[in-house]
Amino acid sequence: MEQKAHIVEISVNEEATKLHQSQPAVQRFQQWLVENNVRISPKIRYPVCFGQEGYTGVLAVEAIEPNEAIIAIPNHVLITVSRAQTSELAEIIIKNPDAFEEHYDKEFNTLVLFIIFEKMKEEKSFWHIYFDIVGQIYTLSDWSDAEIEELDSPAILKDLEEIRKENHDLWLRMKMIMDENPNLFPPEKVSYEIFRWASAFVMTRSFGWGLPGSLISPLADLLNHNNDGCTNFLISIKGEQSYIPDYRRKKDKLDLTILPEFNKRTKENELSYDVVTRYLIKNKEKLRKPMSDEEIRALFKEEKQQLVKEINAKLIDTPGKQVWTLNYFLSSDSEDNDTEEEEEEGEEEEEEKKEDNLKETNRNGKLEQKDESTVIDQQKIFQVDDDDYKDEIVKQEFSSSFGKGVTTVSLSTIQSPKEYFDTMGPIERQQLREISTTAKNTNKNTTDEEEDDEKFPWYNTLDDQIYFLVATHADQKVEKNQQLFYFYGSRTNKYLLSWYGFCYSNNRYDSCLLYTSPSPRDS
């Protein structure tokens, strides 16, 4: 059975790659991606075959930095639960709540029916070119009994029995639904084989973590799994450029230059000429490497923050001075408009006042906490810059008693204080950690899980300014000529083999069951 690949980091099979890339189905798929505005980083190459078996994957042809987006799939290309619910199958889904609304695996069932429906449409389906490159899918359910016995694993055998039973029950339910709707599911095309293919397709290729629902993302699903693989995000271009309730901006965290809206090489898409930029230009003589004003403007926010730390380090070395962060740092990410000179000059005086706060000193040197109690006041406010743009500012004030008096530490950030944390000196960082830890422990109304889960009321199936992104994570750097992986989750090899049909060595999340019997002395 060729597909039982034991995935490890092995070399490129150039001969198999050349043969695979010459296949018409693969070439049609690559052209389909281009025609549908799928953005692919020039730092990666697909398809590439690896190992003696020649299994396909994605190769880094250049080094890829942490938090760098490498694939962006526009919304209309995604196969989502909400798309199925608003398709020609909408009435069927509503009329069968036991399978699609009340069922514990309702999203899986909905996607399976939708995939069957689209697969039966053959060339009339928008996704038929994508389906053609997937081919046959092998999972543990396709193994023979003799092959299963070779595993010698009661635990895997138990999982397999459950999977096969669930598939059998789902097939009977789906067949009943399809038989009741011959206008959408031609009787001559209804078969267990097409159901089995669709079920394995959804089982092995769907995404769900950090998303509004389960979905399938063509191309993104072709990355193989490993411990240190990439992760995914759902971004809205509108949300990145203006305020949308509940939307969390990604551009301050991720390198989004694969999208033209965030390509720093174009003048109109440079980061805003905000207070950080002004501060760097004003103090550029303190930089180790000489830089022009234009070079500073073209930097990403993370790069600017590094230069701020460099300047602050020199200021700290000045006798009698320490660096303290801004009290209110309300720089927006709106685009710079060099033609609005009068408006810009009108704001310059206020911005320069904010710059000066970067060099405020802490005269007491080190603050000593007198009272451990911390009072927290959180409120959400909105600053309206103009009719078309809003910045969400979360203002958190931590009032604590220090020494002889009371010191108030105020943070005003766009979504997260982390983006300005690096501008602080070491003493201030430690003080903020202590205050924030106390504040976090005091706030009993919000759990960590609630804070981490993004809400998606802004997601709209018809909004093609939404993209599914694949990006490296914060601690991941992919070297040139390495295979690029996706991280499916903290899965054991038993789970991966049972549900996806593969396992791999050096799985840090692997575990095993040990069966023991009582000692005769204990009985």
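## Backbone geometry in the loops and at a cis bond

D246 is located in the loop that runs between α11 (237–241) and α12 (275–282). In this predicted model, D246 adopts a positive phi of about 70 degrees, although it is not a glycine. Its relative accessibility is 43%, so D246 counts as partly exposed. A positive phi also occurs at E122, which is not a glycine either; the value there is near 55 degrees. E122 belongs to the loop between α6 and α7 (128–134).

A further backbone feature is the cis peptide bond that joins Y46 and P47, with omega at about -5 degrees. P47 is part of strand β3 (residues 44–50). As background to these features, most residues other than glycine have a negative phi, and most peptide bonds are trans.

## Overall composition

The chain contains 19 helices and 15 strands. Of its 523 residues, 47% are buried. Among contacts with a separation of 6 or more, 72% are accounted for by residues 24 or more positions apart.

Two packed helices are described by the angle between their axes and the distance between the axes. Helix α6 (residues 106–120) packs with helix α9 (residues 154–179) at an angle of about 50 degrees, and their axes are 12 Å apart. With that angle, α6 is oblique to α9. The crossing in which α6 passes α9 is right-handed. On the α6 side, F108, N109, V112, L113, I116 and M120 take part, and they meet L170, M174 and M178 in α9. The residues of this contact of α6 with α9 comprise eight nonpolar, one polar and no charged.

Helix α9 also packs with helix α10 (residues 192–205), here at an angle of about 125 degrees and with the axes 11 Å apart. This arrangement makes α9 oblique to α10, and the crossing of the two is right-handed. From α9, the residues I163, N167, L170, W171 and M174 meet Y192, F195, R196, S199 and M203 in α10. The contact of α9 with α10 divides into seven nonpolar residues, two polar and one charged.

The crossing of α6 and α10 is right-handed. Helix α6 contributes F108, L111, V112, I115, I116, K119 and M120 to the contact, and helix α10 contributes I194, F195, W197, A198, S199, F201, V202 and M203. By class, the residues of the contact of α6 with α10 are 13 nonpolar, one polar and one charged.

## The surroundings of N227

N227 lies in strand β9 (residues 224–236). Because its relative accessible area is 10%, below the 20% limit, N227 counts as buried. A polar atom of the N227 side chain is 2.6 Å from the backbone oxygen of N506. The side chain of N227 also reaches the backbone nitrogen of R508, at 3.3 Å.

Apart from residues up to four places away in sequence, N227 touches F487, Y504, N506, N507, R508 and Y509. The two partners in the polar pairs, N506 and R508, are therefore both included among the residues that N227 touches.

A69 is placed in strand β5 (residues 69–74). With a relative accessible area of 1%, A69 is buried. The C-alpha atoms of A69 and I258 are 6.9 Å apart in space, while the two residues are 189 residues apart in sequence. Leaving aside residues up to four places away in sequence, A69 touches S41, D255, L256, I258, L469, V470 and A471.

L462 sits in the loop between α18 (448–452) and β13 (466–471). L462 and R83 are 379 residues apart along the chain, and their C-alpha atoms are separated by 8.7 Å.

Methods: Residues are numbered from 1 along each chain as its sequence is written. This is a predicted model: local features need pLDDT of at least 70, side-chain atom pairs count only at pLDDT 80 or more; totals for chains, interfaces and linings use all residues. Side-chain values use heavy atoms; hydrogens and water are left out. Helices (H or I, at least four residues) and strands (E, at least two) are DSSP runs, numbered from the N terminus. Buried means under 20% relative accessible area, exposed over 50%, partly exposed in between (1.4 Å probe, protein chains only). A polar contact is a pair of N or O atoms within 3.5 Å; within protein, one must be able to donate a hydrogen and the other to accept it, and residues adjacent in sequence count only if both atoms are side-chain atoms. Contact means heavy atoms within 4.5 Å. Axes are lines fitted to C-alpha atoms, for helices over the stretch in contact, and angles run from 0 to 180 degrees between N-to-C directions. Angles under 35 degrees count as roughly parallel, over 145 as roughly antiparallel, 65 to 115 as roughly perpendicular and the rest as oblique. A crossing is left-handed if the near helix is turned anticlockwise from the far one by less than a right angle, and right-handed if clockwise. Ala, Val, Leu, Ile, Met, Phe, Trp, Tyr, Cys and Pro count as nonpolar, Asp, Glu, Lys and Arg as charged, and the others, Gly among them, as polar.
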